[in-house]
Amino acid sequence: MKRNGLLRKTLIVCLFAAVAAFADKPDDTPGNGPTMQGGPPEVHVHHGNPHVSAAPPAGSNGVITPVITSHGGPVMNAPAVYLIWYGNWNQSNGSDNAAGQQIIRDLLYGMNGSPYYATNASYTGVSGKFSVAKETTDNYSQGFRLSDRGVANVVSNAINSSRLIKDSNGIYFVLSSSDVAETSGFCSQYCGWHTYGFLGGTNIKYAFVGNANRCLNSCAIQSVGPNGNAGVDGMASVVAHELEETNTDPNLNAWYDANGWEDADKCAWTFGSNLSQTANGAYYNMTLPTSTGGNRPFMIQRELDANSLCYVNYVTKAQ
Ligand SMILES: [Zn+2]
């Protein structure tokens, strides 16, 4: 996201103040389990959609200044990804459906250990690999309008109910169906965000990414997708973005630049110059293997390495 240094600093001071304020409160609420403490969102800037009439932006191959630096906080070596499908992913709108869910699962399966994701291994202590641990669903427990706190509640409820384990090495993704709003600015201010909070004393990293079908003009690079699901195909790029940022800046105190931009922010909405098109006209820049031996095309934004260069080696084959 675009944050200036002062805002970031303010944000972090506020966060610690909030944690301190909560520290002497019991965080075990009978019946509900602990609630997430802290966690202002890092938000991903919203861009307009150039549509498929013009090729998506390739982006610069040079150093993206100001350069990214470590601010000393921890990174994640090989995080475990957890998925929480929020809302209703069994709709007949052609996007919020089982096939759409499989696009995200296939993205994660194929991206793990790929040359593309290995960009993250340039950051000391990051392996460039992750695991996909488990997934669960949440049938509108916080309604059709999620607040940031509501997203935290979705995560804490999934853990407190033992649908997902409590994992300080985890990254919990709340993936909302396109009939769900995130009222702090999904579609108008951002397409996704990541942050962290404390649940019963455990540091929990989590992210929100909504189905871009809600606002293709804002949160998808094109209005048709390489897998025929423009919303989820757009969402896939944002999932990659938030995963990379959480991997390299899980507590918002590790890798970012002088403007408060994290790694993926600096290459956001750029896709390299080696694009192909599927039969429906959608652009894609990589093909990833699937768990069933097939492969699938994706249009995934570039990622910044520790030398402040965006990944350029898209060859539109298995990455
Ligand atoms: Zn970001």
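Begin by selecting Cys267 and Cys310, which form a disulfide with their sulfur atoms 2.1 Å apart. Cys267 lies in the loop between β12 (255–256) and β13 (276–277), and Cys310 in the segment after β16 (295–298), so this pair ties together parts that are 43 residues apart in sequence. The torsion about the S-S bond is -95°, and the link of Cys267 and Cys310 is left-handed. Both Cys267 and Cys310 are buried. Please note that the model on screen is predicted.

A search of the whole structure finds three disulfides. For another of them, select Cys187 and Cys215, which are joined with an S to S distance of 2.0 Å. Cys187 is in the loop between β9 (181–182) and β10 (190–199), whereas Cys215 is in the loop between β11 (202–210) and α4 (216–219); the pair therefore ties together parts that are 28 residues apart in sequence. Because the torsion about the S-S bond of Cys187 and Cys215 is about -75°, this disulfide is left-handed. Cys187 and Cys215 are both buried.

Next, select Cys191 and Cys219, joined by a disulfide with S to S 2.1 Å. Cys191 belongs to strand β10 and Cys219 to helix α4, so this link also ties together parts that are 28 residues apart in sequence. With -90° about the S-S bond, the link of Cys191 and Cys219 is left-handed. Cys191 counts as buried, at 1% relative accessibility, and Cys219 is buried with a relative accessible area of 1%. Numbered in sequence order, the bonded cysteines of the protein pair as 1-3, 2-4, 5-6.

His241 and Glu245 both sit in helix α5 (residues 230–248), four residues apart, or about one turn of the helix. An α-helix has 3.6 residues a turn, so residues three or four places apart point the same way. Both His241 and Glu245 are buried.

Finally, select helix α3 (residues 148–160). At 1.5 Å a residue its 13 residues should span 18 Å, and the end C-alpha atoms are 18 Å apart, which agrees. The helix is mostly covered, with ten of its 13 residues buried; among them are Asp148, Asn153 and Ile159. Just after α3, select Ser162, which takes a positive phi of about 65°.

Key:
Residues are numbered from 1 along each chain as its sequence is written. This is a predicted model: local features need pLDDT of at least 70, side-chain atom pairs count only at pLDDT 80 or more; totals for chains, interfaces and linings use all residues. Side-chain values use heavy atoms; hydrogens and water are left out. Helices (H or I, at least four residues) and strands (E, at least two) are DSSP runs, numbered from the N terminus. The expected span of a helix is 1.5 Å times one less than its number of residues. Buried means under 20% relative accessible area, exposed over 50%, partly exposed in between (1.4 Å probe, protein chains only). A disulfide is a pair of cysteine sulfur atoms within 2.5 Å.
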